[in-house]
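Opening the notebook on this two-chain model. I want to see how each chain is built and then how they meet.

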Amino acid sequence: MSGHHDHDHSHPTQPDVEDQPFEYYQIMAEAVGELLIEKGVFTAAELRKTVESIDARSPADGAKVVARAWLDPTFKERLLEDANAAAGELGIDAGAIPVRVVENTADVHNVICCTLCSCYPRLLLGLPPDWYKARAFRSRVVREPRAVLKEFGTMIPDDVEVCVHDSTADLRYMVLPRRPDGTDGLSETELAALVTRDCMIGTAVPGG
Amino acid sequence: MAGGEGRMSAGFRPGDPVTVRRAYPPGHVRTPYYLRGCSGIIASIAGEFPDPEELAYGRDGLPKKTLYRVRFRQIDLWPQYQGAADDSLVVDIYEHWLDRDRENEP
């Protein structure tokens with residue numbers, strides 16, 4: 001708590017978790033989790049392991065996939081055909097929900113979003129950033145994508161089509177960004193380091 | 001409403017012009033409001049999936065429904081659209097939300 005040292009000015013208080021009321025669905029989720037453990041459907045350790053495995057996912061997995069696709073055209077073909085299987089070749093479990101990789105080219109720049117909720121390729125990119133889940137991004141990116149991209153510092157020339165993918169249902173999307181110029185001779189690891197999370201959402205471009 | 005009518009059509013192929021149904025049933029609908037009544041083109045067939053509108057109520061969602069990737073032109077969706085004329089939006093929409101768009105058939 002603040003105020004434990006003497007000062008002639010005050011600091012803003014770091015809010016505690018309990019400062020927000022528990023909401024209906026938070027309580028519901030806790031209760032259902034406890035019931036399922038009590039009924040022996042799974043153990044607390046299994047639940048923790050699953051949560052930890054979700055938390056451990058990060059954009060590094062997606063970046064590995066992108067770097068391999070930049071280096072190996074046949075891998076890229078397989079990735080565009082069946083991303084879950086292609087990720088599996090690299091030892092990355094992309095999960096049971098089909099992931100579609102959409103490729104940026106000289107003619108098309110892709111951006112992903114989910115206007116209905118926050119569908120996101122979590123097993124390839126980790127948890128989505130807060131702005132991805134915000135109403136402002138979700139409602140604006142489908143109707144003024146270029147203005148939104150500009151706020152991310154990403155200018156797409158007018159002769160390049162901007163294509164927004166709204167994942168409303170049973171698929172997840174990930175953007176395959178264009179490999180930047182001047183990266184010949186870089187290793188797969190060096191290339192992967194250029195691929196940030198936002199590049200695979202489509203709000204940024206590598207090296208941009 | 002949507003669940004009780006069975007399959008609405010015999011299926012679409014890539015390139016077919018379609019219109020999103022202008023309907024507002026309650027429930028776990030995966031068709032965004034902003035597209036209802038809008039016209040687009042079937043980009044591809046995404047596959048067959050249990051109907052999410054049924055799954056949401058604990059039912060089995062069978063028979064599976066065909067899910068399409070439908071491409072819309074931004075200038076057809078938003079009258080004030082500021083971007084380039086070719087800008088597009090691709091959305092996954094279930095077959096029972098689509099009608100053949102006879103006005104825009106080739």
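**Entry 1: chain B overall**

I started with burial, and buried residues make up 28% of the 106 residues in chain B. My cut-off: a residue is buried if 20 or more other C-beta atoms lie within 10 Å of its own, exposed if 12 or fewer, and partly exposed in between, with C-beta atoms placed from the backbone. Housekeeping: this is a predicted model, so local features need pLDDT of at least 70 and side-chain atom pairs count only at pLDDT 80 or more, while totals for chains, interfaces and linings use all residues. Residues are numbered from 1 along each chain as its sequence is written, and chains are lettered from A and ligands numbered from 1 in the order in which they are written.

Next I looked up the secondary structure, and chain B has two helices and five strands. I take these as DSSP runs numbered from the N terminus: helices are H or I with at least four residues, strands are E with at least two. Read from the N terminus, the order in chain B is β-β-α-β-α-β-β. The radius of gyration of chain B is 14 Å, close to the 13 Å that the globule rule gives for 106 residues, so chain B is as compact as a globular protein of that length. (The radius is taken over C-alpha atoms, and the rule is 2.2 Å times the number of residues to the power 0.38.) The C-alpha trace of chain B spans about 45 × 25 × 20 Å along its principal axes.

I also checked the peptide bonds. The one from Leu62(B) to Pro63(B) is cis, with omega near 0°. Pro63(B) sits in the loop between helix H1 (52–55) and strand S3 (65–73) of chain B. For context, most peptide bonds are trans.

**Entry 2: chain A overall**

For chain A I get eleven helices and four strands. Its C-alpha atoms fill a box of roughly 55 × 55 × 35 Å along the principal axes. Of the 208 residues of chain A, 33% count as buried.

Then I went for the nonpolar core, meaning a set of buried Ala, Val, Leu, Ile, Met, Phe, Trp, Tyr and Cys residues joined through C-beta atoms within 7 Å. The largest has 59 residues, and Val66(A) and Met174(A) have the most contacts inside it. Helix H3 (residues 59–71) of chain A gives the most to this core, with six residues. Leaving out residues up to four places away in sequence, Val66(A) touches Leu176(A), Pro177(A), Val195(A) and Met200(A); contact here means C-beta atoms, placed from the backbone, within 7 Å.

**Entry 3: the sheet**

Which strands make up the open sheet, and in what order? I read off seven strands with mixed pairing: S2(A)-S3(A)-S4(B)-S3(B)-S2(B)-S1(B)-S5(B). Strand S2 (108–113) of chain A and strand S5 (98–100) of chain B stand at the edges with a single partner strand each, so one side of each is left without a neighbour in the sheet. The twist averages 35° from one strand to the next, using axes fitted to C-alpha atoms and angles from 0 to 180 degrees between N-to-C directions.

I count two strands as paired if DSSP finds at least two bridges between them. Strand S1 (residues 17–20) of chain B and S5(B) run antiparallel, joined by three bridges, and Val18(B) stands opposite Arg100(B) in S5(B). S3(B) and S4(B) are also antiparallel, over seven bridges.

Is S4(B) buried or exposed? I find seven of its seven residues buried. On one side these are Ser88(B), Val90(B), Asp92(B) and Tyr94(B), and on the other Leu89(B), Val91(B) and Ile93(B).

**Entry 4: where the chains meet**

S3(A) runs parallel to strand S4 (residues 88–94) of chain B, and four bridges join them. His165(A) has Val90(B) as its bridge partner, and Val164(A) has Leu89(B). Leu89(B) is also the partner of Phe72(B).

How many residues does each chain give to the contact? I get 20 from chain A and 21 from chain B. On the chain A side, helix H9 (145–151) and strand S3 (161–166) are the elements that give two or more residues, and S3(A) gives the most, with six. That side divides into nine nonpolar, four polar and seven charged residues. My classes: Ala, Val, Leu, Ile, Met, Phe, Trp, Tyr, Cys and Pro are nonpolar, Asp, Glu, Lys and Arg charged, and the others, Gly among them, polar.

Key. Two residues are in contact if their C-beta atoms, placed from the backbone, lie within 7 Å.
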